[in-house]
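Q: I would like to learn how to read the fold of a single chain from its coordinates. Where should I start?

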Amino acid sequence: MPPERRGRWHGSSGSRDISVTRVATPSKPYAAEAILLASQGRWSEAATENRAILRDFPNDAATHRRLAMAMEKLGREDQAEDEYRRSLDLEPSPIAEQALKRLVERSHVASETAVRQAERR
């Protein structure tokens, strides 16, 4: 049974008690398994599932974003960056933009640190 949320709605015609049932379902049913695996922290399996989805739906921006997140969690930041860029090519997304910015900044900091360490030697 899905979780139920209760609350009080305040509108122009007064207040009344409401009850809303919310179900977390993906907008695309074929994504459910990939989302479940990611929610369980099973990143390698989530990546495999998202790659399988992309074979059938190569232009699915959300799947590219999910694959990017899995790649990032697995430490494959170059692949994550590529997937975030593909996602953004297909569909604008503030989430993907922020994630890509974070990856690029992290990569830049790591590069600067490596240069400084090499100069000290």
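**Reading the chain, from contacts to pocket**

A: Start with the contacts (heavy atoms within 4.5 Å): among those in the chain with a separation of 6 or more, 28% are between residues 24 or more positions apart. This is a predicted model, in which local features need pLDDT of at least 70, side-chain atom pairs count only at pLDDT 80 or more, and totals for chains, interfaces and linings use all residues. Residues are numbered from 1 along each chain as its sequence is written, and side-chain values use heavy atoms, with hydrogens and water left out.

Q: How many helices and strands does the chain have?

A: Helices (H or I, at least four residues) and strands (E, at least two) are DSSP runs, numbered from the N terminus. The chain has five helices and two strands, and the order from the N terminus is β-β-α-α-α-α-α.

Q: What share of the residues of the chain counts as buried?

A: Buried means under 20% relative accessible area, exposed over 50%, and partly exposed in between (1.4 Å probe, protein chains only). By that cut-off, 25% of the 121 residues count as buried.

Q: Which residues of H2 are buried, and where do they sit around the axis?

A: An α-helix has 3.6 residues a turn, so residues three or four places apart point the same way. In H2, the buried residues are Trp43, Ala46, Ala47, Asn50, Ile53 and Leu54. They lie on the same side of H2 because they cover an arc of only 120° around the axis; the arc is taken from the directions from the helix axis to the C-beta atoms. Arg55 and Asp56, on the other side of H2, are exposed. The buried residues of H2 pack against helix H1 (32-39), H3 and helix H4 (77-90).

Q: Which residues are buried in H4?

A: They are Ala80, Glu81, Glu83, Tyr84 and Ser87. These buried residues fall within an arc of 165° seen down the axis of H4, so they line one face of the helix. The face turned away from the buried side of H4 carries the exposed residues Asp78 and Asp89.

Q: How many residues of H3 are buried?

A: H3 is mostly covered, with 10 of its 13 residues buried. Among them are Ala61, His64, Leu67 and Met71. H3 reaches 19 Å from its first C-alpha to its last, close to the 18 Å expected at 1.5 Å a residue; the expected span is 1.5 Å times one less than the number of residues.

Q: Is His64 buried or exposed, and which residues does it touch?

A: His64 lies in helix H3 (residues 61-73). His64 counts as buried because its relative accessible area is 6%. Not counting residues up to four places away in sequence, His64 touches Leu54, Pro58, Glu83, Arg86, Ser87 and Leu90. Arg51 is 13 residues from His64 in sequence and 8.5 Å away in space, C-alpha to C-alpha.

Q: Which helix gives the most to the lining of the largest pocket?

A: Rolling a probe the size of a water molecule over the atoms shows where empty space is left. On a 1 Å grid over the protein atoms alone, a pocket is an open set of points where a 1.4 Å probe fits, with protein on both sides within 12 Å along at least five of seven lines; lining residues have an atom within 4 Å of a point. H3 gives the most to the lining of the largest pocket, with four residues. H1, H2 and H3 each supply at least two. The lining includes Ile35, Trp43, Asn50, Arg65 and Tyr84.
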